Amino acid sequence: MAAHLKKRVYEEFTKVVQQQHEDLSAKKLRLTKPSKSAALHVDLCKATSPADALQYLLQFARKPVEVESVEGVVRILLEHYYKENDASVRLKIASLLGLLSKTAGFSPDCIMDDAINTLQNEKSHQVLAQLLDTLLVIGTKLTENPSVRMRLVEVACKHLTDSSHGVRNKCLQLIGCLGPVEKGVAKEVESQAAKDVQKIIGDHFNDQDPRVRTAAIKAMLQLHERGLKLQQAIYSQACKLLADDYEQVRSAAVQLIWVLSQLYPESIVPIPSSNEEIRLVDDAFGKICHMVSDGSWVVRVQAAKLLGSMQQVSSHFLEQTLDKKLMSDLRRKRTAHERAKELYSSGEFSSGRKWGDDAPKEEIDTGAVNLIESGACGAFVHGLEDEMYEVRIAAVEALCMLAQSSPSFAEKCLDFLVDMFNDEIEEVRLQSIHTMRKISNNITLREDQLDTVLAVLEDSSRDIREALHELLCCTNVSTKEGIHLALVELLKNLTKYPTDRESIWKCLKFLGSRHPTLVLPLVPELLSTHPFFDTPEPDMDDPAYIAVLVLIFNAAKSCPTMPALFSDHTFRHYAYLRDSLSHLVPPLRLPGRKLLSSPVSPSITPHEDPSQQFLHQSLERVYNLQHLDPQGIQELLEFTIRDLQRLGELQSELAGMADFTATYLQCQLLLIKALQEKLWNVAAPLYLKQNALASAAAKQILEETYKMEFMYSGVESRQVVIIHHMRLQAKALQLIVTARTTRGVEPLFGMCEKFLQEVDSFQRCFISELPHMQGSFVDKLLDLMPRLVTSKPSEVVKILQTTLRQSTFLHLPLPEQLHRATANIIEPTGESDNPLRFTSGLVVALDVDATLEHVQDPQGTVKVQVLYPDGQAQIIHPKPADFRNPGPGRHRLITQVYLSHTAWTEPCQIEVRLLLAYNSNRSKASAKIPKATWNESLEALPQSENGIEGTIPFSKPVKVYIMPKPARR
Amino acid sequence: LLVCLCSGPGAGQDVGRSCILVSIAGKNVMLDCGMHMGYNDDRRFPDFSYITQNGRLTDFLDCVIISHFHLDHCGALPYFSEMVGYDGPIYMTHPTKAICPILLEDYRKITVDKKGETNFFTSQMIKDCMKKVVAVHLHQTVQVDEELEIKAYYAGHVLGAAMFQIKVGCESVVYTGDYNMTPDRHLGAAWIDKCRPDLLISESTYATTIRDSKRCRERDFLKKVHETVERGGKVLIPVFALGRAQELCILLETFWERMNLKAPIYFSTGLTEKANHYYKLFITWTNQKIRKTFVQRNMFEFKHIKAFDRAFADNPGPMVVFATPGMLHAGQSLQIFRKWAGNEKNMVIMPGYCVQGTVGHKILSGQRKLEMEGRQILEVKMQVEYMSFSAHADAKGIMQLIRQAEPRNVLLVHGEAKKMEFLKQKIEQEFHVSCYMPANGETTTIFTNPSIPVDISLGLLKRETAIGLLPDAKKPKLMHGTLIMKDNSFRLVSPEQALKELGLAEHQLRFTCRVHIQDPRKEHETVLRVYNHLKGVLKDYSVQHLPDGSITVESILIQATAHSEDQGTKVLLVSWTYQDEELGSFLTSLLKKGLPQGAS
């Protein structure tokens, strides 16, 4: 063995020397880099003291090792390992072995034997633990090989009796990660060790060291994750661990109990100290509930979280979690919630509380009161009142999950959730509002509960208010007073925070359409109509009045009797609002009026939608235009583009599709126009004009292709090819134009080469799509490639020109869903005439509030651009936290933009707009740069391709009036 | 050994005047030194003569521990240390040390300056007393002397309230003082580790109550204040200067902040301002929210709450006023009450319990016409509300603490006897620990089962653990060694070392036994037969046949001689040392059964 080892070393050594030699002769500039293993060997031999050796090893660890030399390095390290007396150096070597075996592409089975051998004679516990860790790494790389796993598990079992906790820890970890999961395998290798891994691990549940106990439980959980069915017998053991002294043990034990309760929910376990038996899941639920009042908050969080996912628990137990069984002086007391409910049902509401109102009533049998062993009793009450907000959030989440699966529980937990709206930490408040929204299908709010909910509308935090609006959108209210109350509070909210306008209107829209019958009796009061007298016409621009109208009109949609109650001006206002706020006001069937849009009969499915058909027909028409004369082509394209654009405006759901195709056709149109033969045949002096037109066209096509690629969500690779193809054509056009306008050949060389490279990379990226592109520009180009590479630039240009002209128009297939990214700046509104004054040189913060739709990864791509009148532009990257995600595909940007400028003599307008940043690398099929496996040694790799970065403006610019004043001296 | 606890001069089954004396392993510790609010004579202070009839207190007591700054826990301290005379150390937490003198001074002023009492402690005495105080940090182990150590745990209740663990050797007592297991707006919940004391002395104010969630109470309170303020009414909240007042301030302050309200909130000045200052300083003693946000803003630096001036009471428009004292019996709160009582738009909220006879009690019990001094009749039109904000642990909380600490005995103090009885029963039932509830002046003796630590030499430990199975934490393990008791210390060493240390020669104890065997053959043949037999039976032991004709099994020697009278009987001499007793006796019994016939 040793001889073999030595031989290997020398082999490497000699090889290396040769390489150095070669290197030197071939490229002089390059610094020679001797092979890793040899250098290491030399270094380690040089090392005089353990500290030296350690230094060398540390340095060595900073550099990556190539796959080919890993084995050699490992051998060297092992050799030194046997020689080394110092434990710390051995430890480092052991850890290096683990790191090395992680190297991608290296199969560590060849070093496994050696690694196991090293374990035999090792005395130091730390090194042992590290070696076991290395074995774990090796084992995880060789998971497919059952015999290797068996062997490692055996090794681990042998070391389980070690006196050091670290070693036992690692052994258990190893068994957990590699222990046999399938029953069959265990039988096959019965001769070796028919070991029941679960039993081995289970034995260590009672280890004297808490760390080992934790590791044992974790190993058990690991086995479960890997698919082993844990035995039910463990349950009682795990229950004992819940009373452990150490929090990490308890925390892991809670997890284990949860796992078991999911595995054997229906089996029956006895209740100690009585003859009764209950389902295991109920028992486990009770136990975990108990842990919600544990001494350590880590355990409490864990327990509260897990409670949420125990849906099989019986409702009897579930409801206990909300019942704390109040008492006072041994007499049963009703909770405030119960009292509120009673007050409500007795019809007496909002009465002032009297002294002794909450006086306890009935006597309690002292024997029946269970103070602590009551299991599930009041677990959530405790959890929601916990000191740490982490626990409270976890409890709210758990409530949410349980309530979603049980309507009766949802009804019961409502009071508690409503209470959480007053928590001192905003996150908790927000979370509970969201939770309430999620379970709102199951519940109807009582009036007193609604009252508490609405009180939160005055919260100064915008997030809270908006979450609450969302909640109100989907709540059920039981009475007309409730609706009235909600409206009054929302209007109050509107006057206090006018910026909430949109959100409140939307909220009222849903409130109206959900409760038409409750709104009906309120209409005269809300519109302040009088049976005999005409009342003054309200101000049409008053947001509060609009809010009321939104509520009524939405209710009227499903309540045909309502319009009879409207007065004349209401109808006028309806017409106005239907036009200006069409997203909030539904079409109504009003007496004496035609409906504005024809009712869409439900029998027509969207697939056969006439507008969709129209879209496809017009596209078909365009694709058959190959045989028309140039003039005809242009006209047809122009008409189709116009049609599509109009269609997009009319049918919002088709807008993305229509715009996308219209842009594509537009590109084609520009290309055709630019290539018109007349232009190219004119005499040299007229080149200028022709040049301007063609190069502008090329530029615009490029821009449009970027828009097509990055502004639409749902673009598939089929479309990407075509977009790139179009871009390639634009580049060819650019090349032709430059070739014709510049004198001399020198600059053309570079351009040609670059273009050919791009063709090449196009081919590489989209090789699979090429068969679909017969007769296209690129198809022809690739046929001519051998010729192009060898010919002169002028010839290349000539070839390109003819190919461009002859190439066919590619069919653009449409994806299922296509949405255009849009942005709408809500604030600043751009209506203000008062300039924002600030001292020059200082900054002023401008609040920007915008909604984004169909933007993927807005945190990375959306920027704010500020354009000053002097042409200076500034791009601001909003913080990731400024983006909120209120719904799928929708984002909200609320941020502050800092403005500054030197002094102006008079106020002027600046423009604020949103940009969508793109990077042409991002979408390419090219794989991401592989991460180096060697830790902490990754030097920043240079960007492999220099992608084109740019921005697309995708919102309407908003003008803001500002005035930097000169600083006063 | 025993821990002797003497529920001392005060406390026991009574609220107010907490004072407990504990004797633990020869050390005497006094826990709290409170006064009774209800008395104005000698009974207000604990009877310190109870502690020691003759001799100085300083000689008898090892230390005094004060759990928090409420007067029923620290009110008698200057009297005790300066007037009765005690010079030993007094321990309390930093906030308690800071706030305690303010309250004592205030109390002194009321008794001496207002009521004109003499023979009371002076300002100087308070100062001198505070000089004897040693401040401790949370979880800091303080060595009072070589054996006695104390450690403070967080108790909630009021700022700086602590539970104390008192430990002598391996015996320990935990005294909870007043504590709260549910967090509130400015303080966290009490917490203790699994310290498994021999005795837990717990307060039991709410022994028979399980409280509702505090959230409902808070919400009700806020809603009422908010509604009144929106109506344009004025809200009066009579409070005591410290404790609940701060919680209510924080509650209102955050609510004002959240809801963007503009109505002014006032706090009547005086000692509160000083106290608020300390609240600002001791942020680490407050709850999670305040601790987390104090970098941006110290929650006790109120934005909306301003100092009150007498003239403000007549200002028009809504306002909220916190005024002392809490029971509306005198002072500023009563003045304001008289001004505002006539308007039904206004409201008074009583946040705590009111003693009978005070205006607070009267209006809470529904009286609408009050007779003031000078035969004036005051008609109360304003709304009267009661809100209980108490910071004691309820029955569930007490049980929770017991579960956390896992004591071997529980002792209940600071509560009513009837209520304690219920809790005692519960504790015994649930935890199977004995529970005591001594009356005032009664002594309870608790026997402990102390474990005695013994030093063991590493070599011996390793040798002994190497034998036998894995070490198991839950099972006792048998060890062989020599116990040396010398100079009050215990050591377990190997016998050889013990001999060496004590300078003793080793004595060997050998047992010899003769076994008669009927065997007519020659001696050496008999030996051979015995050898073969033993070899066959004792497979795991080394059985050797020595050249001198004897057999050894491990260290046991067997020799055979012919019987002097009867040659047919052989005498087997078996000799073994004391250590091999087990094997030796096994061998003799084996040999006594005789040799198998067939073997040769």
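**View 1. A three-stranded open sheet in chain B.** In this predicted model, chain B has an open sheet of three strands in the order 23-25-24, with mixed pairing. Strands here are DSSP runs of E, at least two residues, numbered from the N terminus, and two of them pair if DSSP finds at least two bridges between them. Out at the edges sit strand 23 (455–456) and strand 24 (482–486) of chain B, each pairing on one side only. Strand 23 of chain B runs parallel to strand 25 (residues 489–493) of chain B, and two bridges join them. Look for Asp455(B): its bridge partner in strand 25 of chain B is Arg491(B).

**View 2. Cysteines without a disulfide.** Search the whole structure and you get zero disulfides over all chains, a disulfide being a pair of cysteine sulfur atoms within 2.5 Å. For Cys507(A), the nearest cysteine sulfur belongs to Cys473(A), 4.6 Å away. Cys507(A) counts as buried, at 0% relative accessibility; buried means under 20% relative accessible area (1.4 Å probe, protein chains only). Over in chain B, Cys33(B) is in no disulfide either, and the nearest cysteine sulfur, from Cys19(B), is 5.1 Å away. Cys33(B) is buried too, with a relative accessible area of 0%.

**View 3. The domains of chain A.** Chain A splits into domain 1 (233–324 + 373–442), domain 2 (446–589), domain 3 (614–806) and domain 4 (821–925 + 947–965), with bounds from an automatic or database domain assignment. Taken over C-alpha atoms, the centres of domain 1 and domain 4 of chain A are 46 Å apart.

**Notes.** Residues are numbered from 1 along each chain as its sequence is written, and chains are lettered from A and ligands numbered from 1 in the order in which they are written. Local features need pLDDT of at least 70 and side-chain atom pairs count only at pLDDT 80 or more, while totals for chains, interfaces and linings use all residues; side-chain values use heavy atoms, leaving out hydrogens and water.

Terms used
Buried < 20%, exposed > 50% of the residue type's maximum accessible area, 1.4 Å probe, protein only. Helix = DSSP H or I, 4+ residues; strand = E, 2+ residues; numbered from the N terminus.
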